Amino acid sequence: MSFRQDWDDLLFVHWAVPPDAVAGFFPQGTRPDTFDGRTFVGLVFFEMRNLSLARGPALPGVRRFPEINVRLYSVDDHGRRGVVFLSLDCARLLPVVAARAAYRLPYHWAAARGLRFDDRILYTVRRRCSGGPRSRVWADLGGERTSPDALGDFLTSRWGLHARTREGTYYWPLWHDAWRFREAALLSLDDELVAAATGLPIATSSQPVSILYSSGLHVRFGSRLPVR
């Protein structure tokens, strides 16, 4: 085990796209994973808590912070299904620097916050660079508790990530308990992160095909494995 962390107040927003529209973003040895002939772009908002190395205590100064990522869905020749991150915007500088240097993940330092109001949640983010993209989501979480349908299971039962380094592509496995979801509805979404990451205007021109909310869970990361 290499890392432990808690994910809280997760809001998943997804759009369907043809696999060819995003195929160029996948590391060598991986390809778009599909459901009914489509693949998906995900915009995920959540709070990271208790980031720790192996079995050590939570790292000081990074006990809680928002993170917002844009991701795709991958499968490699071994059949391992994962995610490919196109961008990860984080409100703490230390994780950004460490993840970019050690794991070559596309982290960005951002001004971000998450606010909970009973059964509603607000996330805002602005990347800390000149003209950096922004995102703002306002969602109603007052729906019934629900189990994921087949599409929801495809989008969230991902047990690792694929990424590239100078040495090649790796797969980084993770473990957590089964997801528990509540029905959610977007009250508003004003997003520039998806277009900045993919070049696709889907966040402003089309409706999401899936919106899911989870109160959170504990996550453990294993050791990275090469994709050959």
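Predicted model: local features only at pLDDT ≥ 70, side-chain atom pairs only at ≥ 80, totals over all residues.
Side chains of opposite charge can pair when their charged atoms come close.

That pair is one of several. The count of salt bridges comes to eleven. Take D33 and R158, whose closest N and O atoms are 3.0 Å apart. D33 counts as buried because its relative accessibility is 5%, and R158 is buried with a relative accessible area of 5%.

Now look at R182 and D119, whose side chains meet in a salt bridge at 3.3 Å, N to O. Here too the pair links distant parts of the chain, with R182 in strand β12 and D119 in the loop between β6 and β7 (120–127), 63 residues apart. R182 is buried at 17% relative accessible area, whereas D119 is partly exposed at 36%. Elsewhere, salt bridges that share partners join D6, D8, E47, R49 and R64 into one network.

Let's stay with D6 for a moment. You'll find D6 in strand β1 (residues 3–17), and with 13% relative accessibility it counts as buried. The D6 side chain also makes a polar contact with the side chain of N50, at 2.8 Å. Leaving aside neighbours within four places in sequence, D6 is in contact with E47, M48, R49, N50, L217 and H218.

What about the nonpolar side of things? The largest nonpolar core has 65 residues, and W7, L11, L43, L105 and L161 touch the most other members. Beyond its neighbours within four places in sequence, L43 contacts residues including L11, F12, W15, I68 and L189. L11 turns up again beside A184, which also touches D140, L141, I211 and Y213, not counting residues up to four places away in sequence. A184 lies in the loop between β12 (181–183) and β13 (185–191) and is buried, with a relative accessible area of 19%. A184 and L141 are 43 residues apart in sequence, but their C-alpha atoms are 4.6 Å apart in space.

Finally, head out to the surface. There, L93, V97 and W109 form a nonpolar patch, with about 270 Å² of accessible area together. W109 belongs to strand β6 (residues 107–117) and is partly exposed, at 35% relative accessible area.

Technical notes. Residues numbered from 1 in each chain as written. Heavy atoms only, no water. Core = buried A, V, L, I, M, F, W, Y, C linked by side-chain atoms within 4.5 Å. Buried < 20%, exposed > 50% of the residue type's maximum accessible area, 1.4 Å probe, protein only. Contact = heavy atoms within 4.5 Å. Helix = DSSP H or I, 4+ residues; strand = E, 2+ residues; numbered from the N terminus. Polar contact = N/O pair within 3.5 Å; in protein donor to acceptor, adjacent residues only side chain to side chain. Patch = residues over 30% accessible without salt bridge, like charges linked within 9 Å, V, L, I, M, F, W, Y side chains within 5 Å. Areas by Shrake-Rupley, 256 points an atom, 1.4 Å probe, with all protein chains shown as cover. Salt bridge = Lys/Arg side-chain N within 4 Å of Asp/Glu carboxyl O.
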